[in-house]
Amino acid sequence: MHFDEAPAFPRGFRCASRNCGLKQDGKDLALFASHTDAVAAAVFTRNQFPGAPVTLGRETIQGGILRAIVANSKVSNVATGTEGLANARRMAAAAAREIGTTPDRVLVSSTGVIGRRLPIEKIEAGLMGMASDLQSDPLVGAAGIMTTDTHPKALSVRVGGGDATITWVAKGSGMIEPNMATMLAYIFTDAAIERSALDRLLRDAVHVSFNMLSVDSDTSTSDTCAMLANGQAGRVDERQFFQALVAGCIRMAETLARDGEGAKHLIRARVSGAASEEEARRIAKSLVNSPLVKTMVHGADPNVGRLLMAVGKCFDCTIAPGSTDASINGYAVVRGGTSVDFDDAAVRETLRREVVDLDVSLGIGSASATAFGCDLTAGYIEENAAYYSS
């Protein structure tokens, strides 16, 4: 899939970001808007302490139509009770006034520290006049939703080389093991797609991408993945659209894993030959979530016993040691459940690459899955030890 060298919005979409005083420095408020109403679908966190924006978002998305997304960083508006929900509604209303729509056409997101009151007055003031700042670079909007991210994240691609475009904007580098999406991910397209199809395609794409992403095995209270389709490019071939959608979601999942808090390596764990897709997914997640596998990669230490441990601890999965093979970046390290002689220096060197592929073949069935994660470094501990106070 050939992604645009510089990400760009599909026709009819624009964004803006500002500092409204939530952060001392940097952008902390973002607005994404369509010129016209857009068909919309979304998936949200399954964490049982959802933030007020998630609670409101589940209500808003039932209408199936959006004109805008408004998001703030620094304060997540989670564990804030009825006041938090009221503030989320005020945030939607302020964005709606600014672009000339109704609050039920605005999806709200907040990300940042949990348990702090949302400074809604600063957000309302910040949204005033923001429509005049709307422009076509998605990275501008991405900058307004970052928390511990080291860089704004956006990408775009043409569908089947045709007129329609899909653009992704996302944030997230910690508290990521979604059971639906990622921390915040917004997808925009000018393709014309019916709402039921959009919902199905989004969920299928999330299943193999964001739902296979884990930085630290922790599911955020604010996870949201939303997709808007304003139809300005007309109909597209659904198969080609889905191929592009999946490719972009996987690429964005890898981008988020690469930017995990303190991370130096992207880890891709591919499991094949499993008895079922569910078992393949569980084992792949076990590999990227294991602190010992993560530190093995970080230290470039080819301790292959850690791979076998992470596979073998999936007690409810069908595993036959005698048929299990494993490799690291193409170097065979296990055959038939037994460690094999390998070039230690070469494997240590390959573990120093930015991307480390761990491949495990179970030799049981035909199901497969890939999970996306990162290494564990001292930087992760330093970042999170003082996150609330920062």
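Thr-189 sits in strand E7 (residues 184-191); strands here are DSSP runs of E with at least two residues, helices are runs of H or I with at least four, and both are numbered from the N terminus. The model is a predicted one, where local features need pLDDT of at least 70 and side-chain atom pairs count only at pLDDT 80 or more, while totals for chains, interfaces and linings use all residues. Residues are numbered from 1 along each chain as its sequence is written, and side-chain values use heavy atoms, with hydrogens and water left out.

With 0% relative accessibility, Thr-189 counts as buried (under 20% relative accessible area; exposed is over 50% and partly exposed in between, with a 1.4 Å probe and protein chains only). A polar atom of the Thr-189 side chain lies 2.8 Å from the backbone oxygen of Thr-165. Leaving aside neighbours within four places in sequence, Thr-189 is also in contact (heavy atoms within 4.5 Å) with residues including Pro-10, Phe-13, Ile-166, Met-227 and Phe-241.

Now for the aromatic rings. Rings of Phe, Tyr and Trp (its six-membered ring) pair if their centres lie within 6.5 Å; planes under 30 degrees apart count as stacked, over 60 as edge-to-face and the rest as tilted. By this rule there are five aromatic pairs. In one of them, the rings of Phe-3 and Trp-168 have centres 6.3 Å apart and planes at 70 degrees, so this pair is edge-to-face. Phe-3 lies in the segment before strand E1 (13-18) and Trp-168 in strand E6 (residues 165-171), so the pair ties together parts 165 residues apart in sequence. Both Phe-3 and Trp-168 are buried. Phe-9, Phe-13, Phe-32, Tyr-186 and Phe-188 make up one aromatic cluster.

Of its 79 residues, Trp-168, Leu-245 and Ile-328 touch the most other members. Helix H6 gives the most to this core, with nine residues. A second, separate core of 26 residues includes Leu-31, Met-91, Ile-120 and Ile-123.

What order do the strands take in the open sheet of six? The order is E12-E11-E10-E13-E9-E14, with mixed pairing (two strands pair if DSSP finds at least two bridges between them). Strands E12 (338-339) and E14 (367-374) are the edges, each pairing on one side only. Strand E9 (residues 266-274) runs parallel to strand E13 (residues 355-361), and seven bridges join them.

Key. A nonpolar core is a set of buried Ala, Val, Leu, Ile, Met, Phe, Trp, Tyr and Cys residues joined through side-chain atoms within 4.5 Å. A polar contact is a pair of N or O atoms within 3.5 Å; within protein, one must be able to donate a hydrogen and the other to accept it, and residues adjacent in sequence count only if both atoms are side-chain atoms.
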